[in-house]
Amino acid sequence: RPLLLLLLIVTHQFLQFRIAFGSVNEEGQKQEEFYEELLLKPLPDRKLLTHFHFQSSAPHSTSNGRHHHLFPKAISQLVLKFQVKEMQLSFTQGRWNYESWGGFDPIPSSNAKPPGVELWAVFDAPQHLIDALWKDLTHTLSGLFCASINFLESSTAYSAPEWSFPPASGKLRYGTLPREAVCTENLTPWLKLLPCRDKAGISMLLDRPSIYRGFYHSQRLHLTSTGSGSEGMDPGIILEQTLTVVLQPDSQRASLAHASEKHIQPSWSLSSIFGKQISGRCVLAETSNVYFLLDRGLVAELEHIENEKSEENVLISEKFWNNPSFELSAKPDRIFIEESSLLSKNASVLYKFEIEKYSESEPFDLGLFWKTPVVWLCQQAPLHASRFLMGSGNERGAIAISLKSTQSSEGFMGSNSNDERCELRVDVFQVVPWYVKVYFHSLQVFVDQQPKAVSDIIEKIHVSPSKDKVSPGVMELVLTLPCSVSSAVLTIEFDKGFLHIDEYPPDANQGFDIPSAIVSFPNFHARMEKSPVMSYTEVLLVPLTTPDFSMPYNVITITCTVFALYFGSLLNALRRRVAEEERFLKDKGKFTSWSRSLSVLFRMWFS
């Protein structure tokens with residue numbers, strides 16, 4: 001009997017793992033799958049980019065019904081109930097530094113998000129039901145991730161972009177909460193969606209103190225639902241969970257470096273950054289890999305240093321792990337070179353480490369030790385976008401969007417960059433709250449510090465004016481700039497509105513936020529992805545006329561004091577009895593004279 005019981009247990013476990021590992025069922029349908037990855041990338045300003053990527057997929061199946069083995073049931077119910085076709089939710093603290101960390105790679109284009117909460121969703125439902133589905137979706141996500149996403153249910157907090165925000169769709173809703181605080185209460189529900197939580201696999205590295213002391217971190221959830229009629233895609237649901245963190249490694253070597261080695265990069269390891277090691281993969285994951293990326297600028301600088309010492313390219317040779325520039329603590333399983341630049345000397349290099357061969361007895365702890373100082377620049381977007389306010393006072397102002405050339409467009413366009421017919425397309429998507437009353441007719445365009453006619457630069461425009469306490473204002477622009485442009489500025493004027501006293505937030509004196517504008521370049525696509533290059537501008541803080549909230553308190557205090565004095569004196573006068581008080585005072589006088597006589601008598605007796 002013990003042998004039979006042991007056989008049943010082993011058989012049960014084998015069947016569970018067979019289903020979890022994406023096997024094929026009797027009907028020939030593919031089962032659910034889960035993948036986990038980690039990307040490590042050095043940054044020029046002595047920081048380290050860590051990008052966690054988890055993907056779960058649940059194919060359409062009529063046999064399993066609503067039951068799932070790996071895919072989170074809460075997400076599946078959310079997709080079915082609210083008819084969500086595509087959705088993305090991000091929680092971000094800090095702002096991505098496009099100048100130092102780059103703006104052309106897939107990470108900043110897809111994972112660099114504005115501060116606070118950003119939510120957009122595309123619904124597969126009739127047009128008249130979308131607003132109601134959006135409101136229900138925000139309440140569900142608010143409870144699921146312990147956040148204030150339900151504030152996006154108001155029509156003044158979300159918009160409906162037409163074509164400037166990818167994916168462009170008439171059934172798209174977009175909303176942001178720039179002031180939403182991000183903490184572990186949002187990360188814990190996000191981790192619960194993983195099959196192994198943070199108990200096994202790459203997710204073991206997600207140490208809360210290490211993550212929240214970083215310069216930037218953004219957790220993102222992106223899901224795509226495809227029906228059985230979708231062309232080119234298998235029917236089902238794909239859930240992507242990413243966590244992007246920029247950390248500052250602690251290095252004793254960097255602190256002891258000489259003044260001539262001030263540009264040396266800090267050495268690091270996984271245990272020194274997160275305080276943990278990877279003791280094997282998640283048993284439910286199909287693949288579990290760690291990647292180490294050297295971008296184009298860094299590879300070019302390393303090749304320049306090594307060519308002075310050796311003609312051999314040690315970055316892709318067997319000696320790379322101990323070359324004159326840096327040393328890795330582990331040997332990778334594979335090396336990838338950027339396919340689009342095989343003929344170019346500035347090709348990025350990607351090292352792959354498979355986690356399945358590591359265990360608790362032999363954990364994976366990748367380390368990087370720099371030997372020589374290295375200075376490089378990350379690849380930038382064609383134009384660097386920034387935004388600021390103009391004007392003063394609490395009545396009027398103006399918003400300016402500045403686009404400055406990063407000298408990257410010349411390399412993208414080649415020899416045609418100086419051609420007059422060469423054009424650079426830029427899409428701008430801007431949402432302003434209803435209390436910032438924008439005058440769209442005041443739009444002005446300056447190219448290379450020279451005023452230009454709006455019709456010469458703006459190819460397409462869509463404006464949705466705001467309505468007081470009903471909906472925000474939306475502006476979508478398509479700019480056509482010459483490839484040789486150095487700078488371009490858009491300005492638009494606005495008036496500051498007045499709010500009812502109940503509409504002010506608790507910290508009204510701090511100001512009111514204008515969400516980040518989105519600037520995208522449709523003709524440029526991030527490497528390894530087809531998504532267009534996109535960047536977010538700063539969140540603007542607009543001071544509005546704020547009433548003195550202490551006046552109601554002062555009025556209430558003074559009024560209550562007057563009423564207390566009046567009614568206290570009145571009740572004292574009504575309830576006082578004069579005869580009893582006189583008799584009490586008379587008896588008190590007799591007692592006092594008797595006590596005095598008694599004290600004199602005692603003094604005479606004892607003397």
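Two strands pair if DSSP finds at least two bridges between them, and the helices (H or I, at least four residues) and strands (E, at least two) named in these legends are DSSP runs numbered from the N terminus. The structure is a predicted model, in which local features need pLDDT of at least 70, side-chain atom pairs count only at pLDDT 80 or more, and totals for chains, interfaces and linings use all residues. Residues are numbered from 1 along each chain as its sequence is written, and side-chain values use heavy atoms, with hydrogens and water left out.

View 1. Eleven strands, in the order E5-E6-E4-E3-E7-E8-E2-E1-E10-E13-E12, form an open sheet with mixed pairing. Because strand E5 (158-159) and strand E12 (334-337) each have a single partner strand, they stand at the edges, and one side of each is left without a neighbour in the sheet.

**View 2. The pairing of E1 with E2.** Strand E1 (residues 33-42) runs antiparallel to strand E2 (residues 48-59), the two being joined over 10 bridges. Within this pairing, Lys41 has Leu49 of E2 as its bridge partner.

**View 3. Helix H5 on the sheet.** Helix H5 (residues 130-145) packs on the sheet and touches (contact means heavy atoms within 4.5 Å) strands including E3 (84-93), E4 (116-123) and E7 (216-226).

View 4. Lys47 is 199 residues away from Val246 in sequence, yet their C-alpha atoms are 6.7 Å apart.

How values were computed: Axes are lines fitted to C-alpha atoms, for helices over the stretch in contact, and angles run from 0 to 180 degrees between N-to-C directions.
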